[in-house]
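Dear colleague,

I am handing over the structure below, and I would be glad if you could look through it alongside the notes that follow.

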Amino acid sequence: MSATIIDGKGLAQHMREALKNRVASFPNPPGLAVIIVGDNPASQVYVSNKEKACVAAGIHSEVIALPGETSELDLLDRIEKLNADPKIDGILVQLPLPKHLNSRRVLDSILPEKDVDGFHPSNVGALFLGNPGLQPCTPHGVMKMLEHENVEIRGKHAVIVGASNIVGKPMAVMLLHAGATVTICNSKTPDLGHHTRDADILVVAVGRPNIVTGDMVKEGAVVIDVGMNRLENGKLAGDVEFESAKMKAAKITPVPGGVGPMTIAMLLENTVEAAARKREEAV
Ligand code: NAP
């Protein structure tokens with residue numbers, strides 16, 4: 001039987017509408033600043049999509065486009081100004097940065113309460129400990145999708161393929177907190193299929209098309225494809241071989257239209273949440 005297709009696009013749209021109403025209740029609109037360094041075409045598309053989404057939700061948006069040769073000192077100075085800017089509740093630095101810039105130092109310079117990507121060590125630590133903080137948008141969006149789809153997580157075996165700081169590792173922690181038994185696979189994992197075939201919930205975030213094929217999916221699994229790969233024909237593809245995997249899975253996300261739109265919705269939500277917390281503290 002063919003899987004139910006999880007409509008990330010529809011859920012994200014629904015969440016963005018709800019956020020718009022919440023934003024309208026603020027005396028001043030929440031503000032998001034996005035910094036982009038250099039002219040990476042994919043990054044430019046992501047930044048432009050984030051800006052459009054902000055505008056549609058009524059969030060004040062500032063895009064700071066800096067030349068590729070910007071020095072780290074100049075970039076840190078920009079971030080410091082945004083940290084102090086009362087109109088700005090969220091700051092996002094679009095990755096990847098040019099090689100001469102130290103991404104870790106740059107991300108660490110963002111105030112944790114404005115770190116809407118959830119990459120600052122304070123927010124990473126809060127997530128690890130189960131304390132309140134801003135959570136990374138992509139895995140947080142996946143959790144929202146699982147919740148919306150009424151997927152039982154407690155007691156289930158979740159297998160995550162990919163162990164990056166922005167997707168795989170925080171995904172593992174979130175699923176662990178939700179009661180799953182978690183396996184994380186990386187590039188050194190021998191016999192990947194041995195692990196994926198045992199997954200009740202399978203999250204794939206590698207960046208390689210078709211790394212997971214239908215024969216690597218357990219009958220009745222929930223498959224979440226985080227991968228976003230631009231194929232030679234210009235089309236966007238995930239990491240999972242969709243046609244074969246959907247014949248095994250109970251539920252599966254498409255690419256595009258699955259995790260991607262949820263990531264943007266969660267970025268907006270984090271920005272509004274950061275603004276709400278700031279206002280609560282001011283009262
Ligand atoms: P990344 O930083 O390159 O990490 C890739 C991970 O995959 C690493 O942990 C790597 O292992 C692991 N890996 C590589 N080859 C593997 C293999 N053969 N078997 C098992 N694991 C393997 O990538 P990322 O930033 O997490 O992104 C992953 C994908 O998700 C990309 O396609 C990206 O575009 C997409 N993405 C989508 C969204 C969205 O909103 N939809 C958001 C973020 C990322 P090692 O740790 O051993 O190197």
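R22, E273 and R277 are linked in a network of salt bridges, a salt bridge being a side-chain nitrogen of Lys or Arg within 4 Å of a carboxyl oxygen of Asp or Glu. The structure holds twelve salt bridges. Please keep in mind that this is a predicted model, in which local features need pLDDT of at least 70 and side-chain atom pairs count only at pLDDT 80 or more, while totals for chains, interfaces and linings use all residues. Residues are numbered from 1 along each chain as its sequence is written, and side-chain values use heavy atoms, with hydrogens and water left out.

Another of the salt bridges joins D89 to K278, with the closest N and O atoms 2.7 Å apart. This pair links distant parts of the chain, since D89 sits in the loop between α3 and β4 (90-93) and K278 in helix α10, 189 residues apart; helices (H or I, at least four residues) and strands (E, at least two) are DSSP runs, numbered from the N terminus. D89 counts as buried because its relative accessibility is 2%, whereas K278, at 31%, is partly exposed; buried means under 20% relative accessible area, exposed over 50%, and partly exposed in between (1.4 Å probe, protein chains only).

Within helix α3 (residues 72-84), K81 and D77 lie four residues apart, about one turn of the helix, and their side chains meet in a salt bridge of 2.7 Å, N to O. K81 is exposed, with a relative accessible area of 54%, while D77 counts as partly exposed at 35%. D85 and K87 also form a salt bridge, their closest N and O atoms being 3.6 Å apart, and here D85 counts as buried at 15% relative accessibility, with K87 partly exposed at 47%.

Turning to the ligand, 23 residues surround it, and A163, S164, S187, K188 and T263 are the closest, where a residue is near a molecule if one of its heavy atoms lies within 4 Å of it. Helix α10 (residues 259-282) gives the largest share of this shell, three residues. One oxygen atom of the ligand is 2.5 Å from an N or O atom in the side chain of S164, and an oxygen atom of the ligand is 2.7 Å from an N or O atom in the side chain of T263. The protein covers 72% of the 930 Å² of accessible area that the ligand has on its own, areas coming from the Shrake-Rupley method with a 1.4 Å probe.

With best regards

Definitions and conventions: Polar contact = N/O pair within 3.5 Å; in protein donor to acceptor, adjacent residues only side chain to side chain.
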